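Subject: Structure handover

Hello,

Here is the structure I promised to pass on. My notes follow below it.

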Amino acid sequence: MRFFLRTLLVTCLLVLPLMSVPLPGFACHAASIATLRGVTGAVDIMRGGALPAVPAKEGDQVSSGDLVRTKSNAFAEVVYHDGTVLKVAPRTRIDIGEHFSGSNQSGSEVKLARGKVQAIVDLSKAPGAAGAKKFEIRTPNAIAGVRGTDFIVSHQQGVTGILVRAGSVYSFNPRLPNQVVTLASGMVTTILGNAAPSRPRPAHGNEVQRMEQGMTRPAGGGQQSDTGESNSSGTSAAGGNPVTEGKYSPISVLPHFDPLPLKPPELKPAYLPPPPPPPQSTNINVNVNVKF
């Protein structure tokens, strides 16, 4: 009996640790919905949105809920199986969402945490009923949705910028869902904080150039920089300005917006020198001898 128990104990000690180690060829992954293309520089994937991040390479398959991150001078394209393309600029972090799959069979929802992406969408090729199809890119303070178009969305420091290159895009702040704007080709809008989108207007030439910067694969392969996203956390490295390459800022790219009226700053009185001290009374004793 003792020999049997001893043998059982040794077997458990040897077998149980192996059960917690995934064996090659037996790992379970969600169904692929897209392929990475044009991977240049330091790009990584967080499977299911969880650490650890793994380096990405050309041809990698990505699934619903995966995060794709690019560092400085890096670039990648997410090519969905229906032909929809997301071009991911340097220093960007996106959740590729559920593209006509999972619980979202009639649409696609990409989440842009920071950085800049360009979407090239043809919903006529996507599965599902024509009237129900939609494609949306969501930032922390904006939603941009289309029914077949080419547009760029950026988000940095609480500001979302949208440029439509072709087609039509609707946009609104989720906090103000009734204040929706529609952008035609060549137009831009910005969403600041909790405000509604600014009135759409034609984009200036320099705005188009800056918004399109980073939307093509860098020449020379792109080198990893010491700045940008960390492989062990979702935040940028300490120091530096957390904006996309080329010193890009949505405010500088889209300077002409119509912000909500701001509360005038409280005016403080101008500096006045302290008043002089009050005159002090002096008691003087005078002895006067008068002779009559």
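Predicted model: local features only at pLDDT ≥ 70, side-chain atom pairs only at ≥ 80, totals over all residues.

**Salt bridges and core**

Arg165 is partly exposed, at 37% relative accessible area (buried means under 20%, exposed over 50%, partly exposed in between; 1.4 Å probe, protein chains only). Its salt-bridge partner is Glu212, at 2.8 Å from N to O (a salt bridge is a side-chain nitrogen of Lys or Arg within 4 Å of a carboxyl oxygen of Asp or Glu). Arg165 sits in strand 13 (residues 159-166) and Glu212 in helix 2 (residues 205-212), so the pair ties together parts 47 residues apart in sequence. Glu212 is partly exposed too, at 30%.

Residues are numbered from 1 along each chain as its sequence is written, and side-chain values use heavy atoms, with hydrogens and water left out.

The whole structure holds nine salt bridges. One of them pairs Asp66 with Arg47, at 3.1 Å from N to O. Asp66 lies in the loop between strand 4 (61-63) and strand 5 (67-70), and Arg47 in the loop between strand 2 (43-46) and strand 3 (54-55), so the pair ties together parts 19 residues apart in sequence. Asp66 is buried, at 3% relative accessibility. Arg47 is partly exposed, at 36%.

Lys57 and Asp60 form a salt bridge as well, with the closest N and O atoms 3.0 Å apart. Lys57 is exposed, at 54%. Asp60 is buried, at 10%.

Now the inside. The largest nonpolar core has 38 residues (such a core is a set of buried Ala, Val, Leu, Ile, Met, Phe, Trp, Tyr and Cys residues joined through side-chain atoms within 4.5 Å). Strand 9 (residues 107-121) gives the largest share, five residues. Helices (H or I, at least four residues) and strands (E, at least two) are DSSP runs, numbered from the N terminus. Val78, Phe135 and Phe151 are among the residues with the most contacts inside the core (contact means heavy atoms within 4.5 Å). Not counting residues up to four places away in sequence, Val78 touches, among others, Ala34, Val62, Leu86 and Ile96.

For the overall picture, the protein chain has three helices and 17 strands. Of its 292 residues, 41% count as buried.

Best wishes
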